[in-house]
Amino acid sequence: MSDWLDGAPDAHRYGGAGEPVHAVTGHEGQRDPYPPRPVTGGPLPGRYGGRGGPVRRSTRPAATRPTWRRRVLRLTGLLIVVTVLISIGTYTWADTALERDVDLGELAGRPSPGKGANYLIVGSDSRQGLSGRQLKDLHTGGSADAGRRTDSMILLHTGAHGTTMVSLPRDSWVTIPPYLRPETGKRHAASKNKLNAAFSRGGPELLVRTVEHNTGLRIGHYTEIGFAGFVGIVDAVGGVPMCLDKAVRDEKSGENLSKGCHTLDGRAALAFVRQRHQEAQGDLGRSRNQQKFLAALSHKAATPGTLLNPSKIFPTMNAGLGTLIVDKSMSLWNLTSLFEAMKSVSAGKGTRLHVPVSGLGFKTPKGSALRWDMPRAKKLFAELRNDQPVPAHGVKG
């Protein structure tokens, strides 16, 4: 018995010749009805005390914990997926939130398309979305339900030679083409008037027609933003840095800035782009400030600290879309292209001009106006239409 326990052949159950021994009767040659089940790999050492090899175990390697590199890769992949999903969701939401109210496709008598792309950027004095306290703090005057008028107009051209921003002063003395006044249904013949009169009489559509009629450039897209949206965007990006070569103090706009560099919040920024009474060139000086600020705003909004920060990008887009009015064919992609074009100007890859003028304070039946220098203006617009390099025909911004 001890031999069996030691792992020797089972002489008690198997004869010397290996004949099976009945477990009950002990007779050789009788098959045991209850044969023992063999143990794979022989007796377990320690448990049975045998000298056989150890019991075979699974050769599959044990699961290993992921290394820190694998964890970082997995986390990075997860973040990329989440970012893509958020970006798609944001794009879809923003694209559907655009207020496409201006139908340029229905305009008649338009110039033929030139080379490059032309945008008309309009800052209106719409007070929609502002509370009574905000109207007072922002020095806007008027009421929240007052009609909107143009406060600034910029013609932006993009093409093979970069971006050109041309300010069109609202007091420019131009020809307004024939139009039908929407609220009265009365038809009006072509007449001379200030540029902003086109907007107040026929809205964005008549303004676009007037700009096209006087420049010969076909406007591809229209973008308009009111006071509330402007202030909201500036505040959402955390303010915009602006360096001034002189102090700015204007009682009507409420601006009071010393010479040097500042970070303008929404209120200060609105006052800065609206003030003109202390500017030596009046409306031209204000146009220059507007171009400079828009380029700086585009640059700030495009920094990684804003684009990659959900707490900033969502408020920024929401603030802008709240009062943004665009044409019916404008997509978020077109709007992004416009944004990138303005940003490029701040990086030195574009030109800021205002339309060439022959004098300020031109006396007209509609009051003091600004008269364009037509020979130089026509040359500038022809170069833009043909997407040629633009020298400094006007006064640089």
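**Group meeting: a walk through one predicted chain**

In this predicted model, His157 stands opposite Thr164 of strand E4. That pair sits in a wider arrangement, so to speak, and I will start there.

Strand E3, residues 150-159, and strand E4, residues 162-167, pair in the antiparallel sense over six bridges. Two strands count as paired if DSSP finds at least two bridges between them. Strands (E, at least two residues) and helices (H or I, at least four) are DSSP runs, numbered from the N terminus.

Before going on, the ground rules. Residues are numbered from 1 along each chain as its sequence is written, and side-chain values use heavy atoms, with hydrogens and water left out. As the model is predicted, local features need pLDDT of at least 70 and side-chain atom pairs count only at pLDDT 80 or more, while totals for chains, interfaces and linings use all residues.

Now the sheet. E3 and E4 belong to an open sheet of seven strands with mixed pairing, in the order E1-E14-E9-E2-E3-E4-E15. Which strands stand at the edges? They are E1 (99-102) and E15 (350-354); each has a single partner strand, so one side of each is left without a neighbour in the sheet. On average, neighbouring strands of this sheet are turned by 25° against each other, direction ignored.

Helix H10, residues 332-346, packs on the sheet. The strands it touches are E2 (117-124), E3, E4, E9 (221-225), E14 (324-327) and E15. The direction of H10 makes about 85° with that of E2. Axes here are lines fitted to C-alpha atoms, for helices over the stretch in contact, and angles run from 0 to 180 degrees between N-to-C directions. Contact means heavy atoms within 4.5 Å.

The whole chain has eleven helices and 17 strands. Of its 397 residues, 42% are buried. Buried means under 20% relative accessible area, exposed over 50%, and partly exposed in between (1.4 Å probe, protein chains only). Among contacts with a separation of 6 or more, 64% are between residues 24 or more positions apart.

Next, two single residues. Thr210 is placed in helix H4, residues 195-215. Is Thr210 buried or exposed? Its relative accessibility is 0%, so Thr210 counts as buried. Leaving aside neighbours within four places in sequence, Thr210 is in contact with Val174, Thr175, Ile176, Pro177, Leu195 and Ala198. Thr175 is 35 residues away along the chain, and the two C-alpha atoms are separated by 7.0 Å. A polar atom of the Thr210 side chain lies 2.8 Å from the backbone oxygen of Leu206.

Asn193 lies in strand E8, residues 191-194. Asn193 counts as buried because its relative accessibility is 4%.

Last, the disulfide. The structure holds one, between Cys243 and Cys261, with sulfur atoms 2.0 Å apart. The criterion is a pair of cysteine sulfur atoms within 2.5 Å. It links distant parts of the chain: Cys243 is in strand E10 (residues 240-244) and Cys261 in strand E13 (residues 260-264), 18 residues apart. The link is right-handed, with 100° about the S-S bond. Cys243 has 40% relative accessibility and therefore counts as partly exposed, whereas Cys261, at 59%, counts as exposed.

Technical notes
A polar contact is a pair of N or O atoms within 3.5 Å; within protein, one must be able to donate a hydrogen and the other to accept it, and residues adjacent in sequence count only if both atoms are side-chain atoms.
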